[in-house]
Amino acid sequence: MAEIDEIRVAAIILGGGKGTRLYPLTKERSKPAVPFGGRYRIVDIPISNCINSGYKKIYLVTQFNSASLHMHISKAYTFDRFSGGFVEILAAEQTLENSSGWYEGTADAVRKNFIHFKSQNPTHYIILSGDQLYRMDLRAFMQAHLDSKADITIAATAVNRKDASGFGIMKIDSNRRISEFMEKPAKDLNIDEWKIPAKTRGDLPKEKEYLASMGIYIFNAPVMEELLKNNDYTDFGKEIIPMAVNTKHINSYIFNGYWEDIGTIESFYNATLALTDINPPFNFYDENGPIYTTLRNLPPSKLNEAVLKNSTAAEGCVITRAKINHSVIGIRSVIESGTELDGVITMGSDFYESYFDKENKIKKGVPLMGIGKNCKIAKAIIDKNSCIGDNCRINVDGKKYEDGDHGLFYVSDGIVVIRKGVTIPSGTVI
């Protein structure tokens, strides 16, 4: 692999837009900053893939609700002076050349930051999404790109016809070269000619006959600069890639591992609870490929006669005589006696309440941070710093709500989301 050692890679992680489909988790934070798995943030996944692959010059392009993301990055990723590595945040900014400042799309975000990227004199750019769950050896991805002598390589995953309508779909030849690219084909459109050639299928599942873009790209640096120059195209998938198919050598890199685009409340909920499976599809327990995050120096979780089944609990929790099933318990979560959780994600707390604050709350009859006594909660996401009183019942009595905002909570596909920092009075039934 001598050739791969001669390249200089700049990794660009796109922070995403408003994240409206993940609302209210994105009300006060960007999608990549949403807590995940009890102790991580979603953005830790692509950053860790880069670091584990040896690509340590990482740019994170952000725009919406980026304050908490910036704080997380500054705390979590500090490289020593000898590695030459960094995770640098590039927030939307006004310049003399760009008076509006705002990014209009993925390609526009990259174009407006070329002045920063070029300082590294890269030979290649890797473009990654900040809100996807997967493990990928990016060096293998890069080696496949170099071996094919392509100008651009797109990471792709196999999908069925139903799911194909939600992605950019590629038509490839037997050498995996892309001849056509279509963004989100209509469900009633006949795309039989776009099925993956038998020679390239390998051990892909039989029902997955189409190749979808994962939104992960490798560009030869001169090619990307050329494609983004002298035009106002704003999006890679919708405009840049379809334009380039006719003039550039574009290959596909078929990824057959677990990959989840965490774009909705339902996909976030399912991907998180899948971590509690005996053999989870996404494995955090890989010693050779750790997922990095903020080092908090918290104490181990304290379990006082609690019963946990198929669940995970992050550090710093205090759980007393509670029954917890198929749930993910976030950092510093406090769960009191008699409470039962089933299919619940708690994101925990950013801090512990002081003795003084607790005393004041008790005098006023206000619930403390965490989940109080004798509560029953199912199929719910409890965002950070929430205070749920005693004897609350959430999503266990068969009550139905329309999807949308209901004040202290939000409902999406039957999942109840308790908003960040809210107080749910004792005895509340939702």
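**Note on rings, helices and backbone angles**

1. The charged end of Arg135 sits over the ring of Phe282, 5.3 Å from the ring centre. A second case is Arg39, whose charged end sits over the ring of Tyr40 at 5.1 Å from the centre. (For a charge to sit over a ring, NZ of Lys or CZ of Arg must be within 6 Å of the ring centre and within 35 degrees of the ring normal.)

2. The model is predicted, so local features need pLDDT of at least 70 and side-chain atom pairs count only at pLDDT 80 or more, while totals for chains, interfaces and linings use all residues. Residues are numbered from 1 along each chain as its sequence is written, and side-chain values use heavy atoms, with hydrogens and water left out.

3. How many aromatic pairs does a search of the whole structure find? The search finds 16. In one of these pairs, the ring centres of Phe282 and Phe284 are 5.0 Å apart and the planes stand at 75 degrees, so the pair is edge-to-face. (Rings of Phe, Tyr and Trp, the last by its six-membered ring, pair if their centres lie within 6.5 Å; planes under 30 degrees apart are stacked, over 60 edge-to-face, and the rest tilted.)

4. Phe282 has 3% relative accessibility and counts as buried. Phe284, at 16%, also counts as buried. (Buried means under 20% relative accessible area, exposed over 50%, and partly exposed in between, with a 1.4 Å probe and protein chains only.) Phe282 and Phe284 belong to a cluster linked by ring pairs, together with Phe36, Tyr40 and Phe268.

5. Helix α9 covers residues 236–244, and Phe236, Gly237, Ile240, Ile241 and Ala244 are buried in it. Seen down the axis of α9, these buried residues fall within an arc of 105 degrees, so they line one face of the helix. (The arc is that of the directions from the helix axis to the C-beta atoms; helices, H or I with at least four residues, and strands, E with at least two, are DSSP runs numbered from the N terminus.)

6. Just after α11, Gly365 takes a positive phi of about 75 degrees.

7. Ala155 lies in strand β8, residues 152–159. Ala155 is buried, with a relative accessible area of 0%. Its C-alpha atom is separated by 16 Å from that of Lys238, which is 83 residues away along the chain.

8. Some backbone angles in loops deserve a check by eye. Tyr23 and Pro24 are joined by a cis peptide bond, with omega about 10 degrees, and Pro24 lies in the loop between β1 (9–14) and β2 (35–36).

9. Arg176 is not a glycine, yet has a positive phi of about 70 degrees. Arg176 sits in the loop between β9 (168–172) and β10 (178–183), and at 30% relative accessibility counts as partly exposed. Arg321 has a positive phi near 45 degrees. Its loop runs between β17 (318–320) and β18 (323–325), and Arg321, at 45%, counts as partly exposed.
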